[in-house]
Amino acid sequence: MKKNEINDAEGEAIIRIIDALPLLEQIATYRKPGEYDFRKLFPAEYAQFTWDAALLKDSRVQFVQRFGYWAAKVADEMTNSDSVHSKFVFGSRQSRKQTAALSKATASLERAYHALVKEVTA
């Protein structure tokens, strides 16, 4: 296998993560910050998502690693948002900081996704 070649397991993990993104979008859109509960409401999807992200983070292909890293980061930041918003008032400095961290993670995941698509289709 070449250094920049995606193996079958990574390809399937990428597809599963991409298929899970509409679920994350719905959670972020229709639930308030601090009430995302991705881990609690969808335990099977959360487990698969984090498993796939970890698999991709260990890839030998850099753009796949980046996609896996940011996918894992989004799941972590959603979980952290639930924790932070349960402790602090919405609009507090900690709340705003966590919202910014989640926003950065989602924007970075989007950039990593576009880079992945560009590399795969080139």
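This is a predicted model: local features need pLDDT of at least 70, side-chain atom pairs count only at pLDDT 80 or more; totals for chains, interfaces and linings use all residues.
Leaving aside neighbours within four places in sequence, with which residues is Pro33 in contact?

**Figure 1. Pro33 in the loop between H1 and H2.** Leaving aside its neighbours within four places in sequence, Pro33 is in contact with His85 and Phe90. Pro33 belongs to the loop that lies between H1 and helix H2 (38-41). With a relative accessibility of 30%, Pro33 counts as partly exposed. From Pro33 to Ala75 the separation is 42 residues in sequence, and their C-alpha atoms are 14 Å apart in space.

Figure 2. Asp37 is not a glycine, yet its phi is positive, at about 50 degrees. In general, most residues other than glycine have a negative phi. Asp37 forms a salt bridge with Arg31, and the closest N and O atoms of this pair are 3.7 Å apart. Arg31 has a relative accessible area of 31% and is therefore partly exposed.

**Figure 3. The salt bridge between Asp52 and Arg16.** A search of the whole structure finds three salt bridges. One of them joins Asp52 to Arg16, with the closest N and O atoms 2.8 Å apart. This pair links distant parts of the chain, as Asp52 is in helix H3 and Arg16 is in helix H1 (residues 8-30), 36 residues apart. Asp52 counts as buried because its relative accessibility is 1%, which is under the 20% limit for that class. Arg16, at 35% relative accessibility, counts as partly exposed.

**Figure 4. The salt bridge between Lys73 and Glu77 in helix H4.** Lys73 forms a salt bridge with Glu77, and their closest N and O atoms are 3.5 Å apart. Because Lys73 and Glu77 are four residues apart in helix H4, about one helical turn separates them. Lys73 counts as partly exposed at 28% relative accessibility, whereas Glu77 is buried, with a relative accessible area of 8%.

**Figure 5. The packing of helices H3 and H4.** Two packed helices are described by the angle between their axes and by the distance between the axes. Helix H3 (residues 43-57) packs with helix H4 (residues 62-87) at an angle of about 145 degrees, and the axes are 7 Å apart. The crossing of these helices, H3 and H4, is left-handed. On the H3 side, the residues that meet H4 are Tyr46, Phe49, Thr50, Ala53, Leu56 and Lys57. Among their partners in H4 are Val64, Phe67, Gly68, Ala71 and Ala75. By class, the contact of H3 with H4 has 10 nonpolar, four polar and one charged residues.

**Figure 6. The largest nonpolar core and Phe49.** In soluble globular proteins, nonpolar side chains tend to be buried together. In this model, the largest nonpolar core has 28 residues, of which Ile17, Phe38, Phe49, Leu56, Val64, Phe67 and Met78 touch the most other members. Two or more residues are given to this core by each of H1, H3, H4 and helix H5 (93-121). The largest share, nine residues, comes from H4. Leaving aside its neighbours within four places in sequence, Phe49 is in contact with Ile17, Ala20, Leu21, Leu24, Phe38, Ala71 and Ala75.

How values were computed:
Residues are numbered from 1 along each chain as its sequence is written. Side-chain values use heavy atoms; hydrogens and water are left out. Axes are lines fitted to C-alpha atoms, for helices over the stretch in contact, and angles run from 0 to 180 degrees between N-to-C directions. A crossing is left-handed if the near helix is turned anticlockwise from the far one by less than a right angle, and right-handed if clockwise. Contact means heavy atoms within 4.5 Å. Ala, Val, Leu, Ile, Met, Phe, Trp, Tyr, Cys and Pro count as nonpolar, Asp, Glu, Lys and Arg as charged, and the others, Gly among them, as polar. A salt bridge is a side-chain nitrogen of Lys or Arg within 4 Å of a carboxyl oxygen of Asp or Glu. Buried means under 20% relative accessible area, exposed over 50%, partly exposed in between (1.4 Å probe, protein chains only). A nonpolar core is a set of buried Ala, Val, Leu, Ile, Met, Phe, Trp, Tyr and Cys residues joined through side-chain atoms within 4.5 Å.
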